[in-house]
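Try each task before reading its solution.

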Amino acid sequence: MNQGAKRWLLAGVALAIGVSFLSSYFNRYYLGVAIDVGINIILAVSLNLINGHTGQFSLGHAGFMAVGGYTAAKFTLELSPSVPPALSPLLFLAALTLGGLVAALVGLSVGVPTLRLRGDYLAIVTLGFGEIIRVVFQNLEAVGAASGLKGIANWTGFGWAWSLAVITVFTIASLVNSTYGRGFIAVHDDEVAASAMGVNPVRYKVTAFVVGAFFAGVAGALYAHHKQFLSPTGFDFMKSIDIVVMVILGGMGRTAGVILAAILLTVLPEALRDFASYRMILYSLLIIVLMMVRPQGLFNWPLFGNATRH
Amino acid sequence: MVSADPSAQMNWLQQLINGFGLGSIYALIALGYTMVYGVLRFINFAHSDVLMLGAFAAFFLAPKVEGFVPRQSYAGALLILVLAAAVCAVIGILIERLAYRPLRNRPKLTVLITAIGVSLFIEFSCQHRAIFGAQTRPFPKLLPEHTFHVGELTIASYDIMVPLVTMVLLVILWFVVQRTRIGTAMRAVAYNHQAACLMGVNIDRVISFTFGLGSALAAVAGILYALKAPGIEPLMGIQPGLRAFVAAVLGGIGNLPGAVLGGLVLGLLETFAGGIPGISNYRDGIAFAILILILLFRPAGLLGRAQVEKV
């Protein structure tokens with residue numbers, strides 16, 4: 001399985017980079033949506049590690065994304081004048097890594113309170129962290145405060161977004177499917193039983209937060225260099241909810257379903273632009289109805305791997 | 001300005017009064033969170049939207065009530081308050097009936113997600129132009145306004161009325177919870193669901209009653225909040241709602257006196273922090289920072305008692 005998965009990884013990255021060479025032939029609008037889809041896949045799959053596989057409930061994913069986005073954007077804005085254009089892909093790679101690492105560091109600090117919290121408390125604390133991060137950026141003059149950070153280079157191409165999406169999916173899927181990763185699912189299923197079996201729930205929860213935050217930070221960095229503008233209001237509670245809905249719709253803990261949901265929920269609002277005022281009403285109704293009728297998610301079929309745990 | 005010292009002291013007193021008013025409003029909202037948590041063990045995210053609906057109910061009721069009670073009179077304000085509270089009680093009961101009751105025995109996470117869904121549903125439907133629309137509307141002045149001057153201190157009648165209304169409601173609530181049959185049933189359900197059920201307590205009725213009571217308090221809080229806010233809009237409930245939730249956790253969730261204490265502490269802290277230059281910009285973050293600190297060091301809250309989880 002591992003060998004096969006690695007082949008998929010290489011094929012996916014190769015395909016993403018291959019397509020990116022053709023990107024100048026595509027309609028710019030569709031290309032933009034395709035990049036959005038890639039970024040949202042990273043966000044949804046990384047949140048799925050926390051909310052799905054590990055069974056925690058984080059409402060602060062947009063906060064991690066903001067940390068990664070702002071860090072990377074500030075980094076490239078500061079350094080790009082002194083770096084020759086030929087080296088800009090390297091600079092971008094460094095910015096993506098840095099964004100991810102700083103977000104992971106913040107993830108660690110959010111992960112630590114989870115040692116004592118579960119369920120609703122955890123949800124509200126992660127929500128609080130997300131809000132605090134937003135308030136901090138709103139007041140930080142160095143990153144433009146409330147008026148936002150402008151003039152970020154447009155470096156996120158199709159190749160970057162999708163190859164990183166493939167890498168994210170591969171990393172998280174292999175992590176969860178590894179011997180070590182079974183611990184995430186054990187913590188999800190029953191924390192007490194898991195710790196009785198020698199699985200350290202604290203370690204798994206913190207790991208989930210750190211890894212999830214890392215990829216959210218990378219997604220934020222990609223987002224910053226795609227939209228070329230960052231505003232603190234773009235990372236509010238609603239952004240976190242957007243990502244949570246992708247995970248719920250796809251089926252918590254189901255990678256394939258979550259990817260499908262991320263694609264659907266990025267493309268659908270674009271297609272339904274004329275009905276934008278109904279979009280969020282439908283979203284919220286969808287959450288309520290799904291929880292009543294199909295709490296395991298819409299795209300949770302036996303077709304996509306092993307049976308669900310609920 | 002005569003000298004810096006007395007005016008600074010006056011300023012301090014003024015902040016104290018403002019903080020007390022704000023804290024009373026938080027306390028009223030926090031009571032709803034804490035009561036529902038007591039009987040159902042989950043956070044009713046839609047509570048902050050009931051607060052908004054209360055303000056809107058008053059907004060639409062005010063012109064109608066003017067027909068038979070003079071404008072800006074205490075009788076009229078009381079009538080509006082009671083009517084809006086009744087409307088919200090019905091809404092609260094309906095929310096529980098339609099959204100939460102079918103999920104009563106499901107995992108807690110499912111109910112939590114549903115509660116978020118309900119909250120978003122109310123917010124976004126109300127923002128739609130066919131219902132309230134997203135714009136901010138000026139809230140009518142329901143009360144005659146006086147200002148009292150005590151030395152250099154200016155006290156608006158509003159600042160006295162808010163803690164007063166809160167106190168009256170708290171006395172009523174205390175009476176209901178401690179001295180009536182349904183209140184006893186509420187405490188029984190909060191203490192032990194199954195045992196209460198075996199003793200013949202009608203759980204469904206108690207839960208409906210709890211939602212009704214909490215929502216009525218939220219409606220009053222919403223109106224009091226709207227009186228001082230620049231206007232009302234469908235998202236107005238989110239910020240006070242979140243603060244009140246923090247207040248409930250601060251006092252120890254499930255604990256009624258704790259919710260009041262938490263509300264007052266939070267209101268005072270926030271008002272004083274808002275007066276300090278440099279920190280005032282971070283006001284929105286303060287409540288959450290406090291929340292995280294409490295949960296780290298005293299997860300059961302100020303008045304709550306830690307519970308050992310049994311397997």
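This is a predicted model, so let's begin with confidence. Chain B has an average pLDDT of 86, and 95% of its residues score at least 70. For the model, ipTM is 0.81 and pTM is 0.84.

**Exercise 1.** Work out which secondary structure elements make up chain B and in what order they come.

*Solution.* Start with the count: chain B holds eleven helices and two strands. Next, follow the chain along its sequence, and the pattern reads α-α-α-α-β-β-α-α-α-α-α-α-α.

**Exercise 2.** Decide how compact chain B is for a protein of its length.

*Solution.* First take the radius of gyration of chain B, which is 20 Å. Then compare: the globule rule gives 19 Å for 311 residues, and the two values are close, so chain B is as compact as a globular protein of that length. Along the principal axes, its C-alpha trace spans about 70 × 50 × 40 Å. Now look inside: 48% of the 311 residues of chain B count as buried. Finally, take the contacts in chain B between residues at least 6 apart in sequence; 76% of these join residues at least 24 apart.

**Exercise 3.** Describe the side of chain A that touches chain B.

*Solution.* Begin with the residues involved: 29 from chain A and 33 from chain B. On the chain A side, α5 (119-139), α10 (237-250) and α12 (276-293) each supply at least two residues. The largest share, eleven residues, comes from α5(A). Sorting this side of chain A by class gives 21 nonpolar, five polar and three charged residues.

Technical notes:
Residues are numbered from 1 along each chain as its sequence is written. Chains are lettered from A and ligands numbered from 1 in the order in which they are written. This is a predicted model: local features need pLDDT of at least 70, side-chain atom pairs count only at pLDDT 80 or more; totals for chains, interfaces and linings use all residues. Two residues are in contact if their C-beta atoms, placed from the backbone, lie within 7 Å. Helices (H or I, at least four residues) and strands (E, at least two) are DSSP runs, numbered from the N terminus. Ala, Val, Leu, Ile, Met, Phe, Trp, Tyr, Cys and Pro count as nonpolar, Asp, Glu, Lys and Arg as charged, and the others, Gly among them, as polar. pLDDT is the predictor's confidence in each residue, from 0 to 100. The radius of gyration is taken over C-alpha atoms; the globule rule is 2.2 Å times the number of residues to the power 0.38. A residue is buried if 20 or more other C-beta atoms lie within 10 Å of its own, exposed if 12 or fewer, and partly exposed in between; C-beta atoms are placed from the backbone.
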